[in-house]
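Grab a pencil and have a look at the structure below. We'll work through a few exercises together, one step at a time.

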Amino acid sequence: MYVCVCKGVTDHQIRQQVSDGARSWREVREATGCGTQCGKCACYAKSLTREAVQVARAEADMSLAYAVWRESLLLGLSLANN
């Protein structure tokens with residue numbers, strides 16, 4: 001869905017920017033140009049960015065939790081074999 005008609009920015013492009021590492025509306029705006037012309041899309045684009053960042057952080061937390069669990073499991077197996 002188009003979020004910014006002026007610059008032709010879609011919700012997918014905003015989520016992709018966050019997936020690629022953007023963590024703020026400013027970063028998304030600078031990368032896409034979204035919200036820089038008439039500004040009518042800015043509120044929605046900001047909330048979409050905020051939501052995408054929350055999802056990205058939750059996914060990162062899950063990845064970290066898995067990595068910690070895996071390392072503790074491997075460490076436990078290593079200690080058990082010694």
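**Exercise 1.** Is Arg 15 buried, partly exposed or exposed?

*Solution.* First, a word on what you're looking at: this is a predicted model, where local features need pLDDT of at least 70, side-chain atom pairs count only at pLDDT 80 or more, and totals for chains, interfaces and linings use all residues. Residues are numbered from 1 along each chain as its sequence is written, and side-chain values use heavy atoms, with hydrogens and water left out.

Next, the cut-offs: buried means under 20% relative accessible area, exposed means over 50%, and partly exposed is in between (1.4 Å probe, protein chains only). Arg 15 has 36% relative accessibility, so it counts as partly exposed.

**Exercise 2.** Find the salt bridges that Arg 15 takes part in, and see where the partners sit.

*Solution.* Start with the rule: a salt bridge is a side-chain nitrogen of Lys or Arg within 4 Å of a carboxyl oxygen of Asp or Glu. The whole structure has three of them.

Step one: Arg 15 pairs with Asp 11, at 2.9 Å from N to O. These two are four residues apart in helix α1 (residues 11–19), so about one helical turn separates them. (Helices are DSSP runs of H or I, at least four residues, and strands are runs of E, at least two, numbered from the N terminus.) Asp 11 is buried, because its relative accessible area is 15%.

Step two: Arg 15 also pairs with Glu 51, at 4.0 Å from N to O. This pair links distant parts of the chain, with Arg 15 in helix α1 and Glu 51 in helix α3, 36 residues apart. At 44% relative accessible area, Glu 51 is partly exposed.

**Exercise 3.** Which residue forms a salt bridge with Glu 30?

*Solution.* That's Arg 26, with the closest N and O atoms 3.5 Å apart. Both lie in helix α2 (residues 25–32), four residues apart, or about one turn. Glu 30 is exposed at 57%, while Arg 26 is partly exposed at 46%.

**Exercise 4.** Describe the surroundings of Thr 49.

*Solution.* Locate Thr 49 first: you'll find it in helix α3 (residues 42–81). Its relative accessibility is 2%, so Thr 49 is buried. Now list its contacts (heavy atoms within 4.5 Å). Leaving aside neighbours within four places in sequence, Thr 49 touches Ile 14, Val 18, Ser 24, Trp 25 and Val 28. Last, a polar atom of the Thr 49 side chain lies 2.8 Å from the backbone oxygen of Ala 45.

Notes:
Polar contact = N/O pair within 3.5 Å; in protein donor to acceptor, adjacent residues only side chain to side chain.
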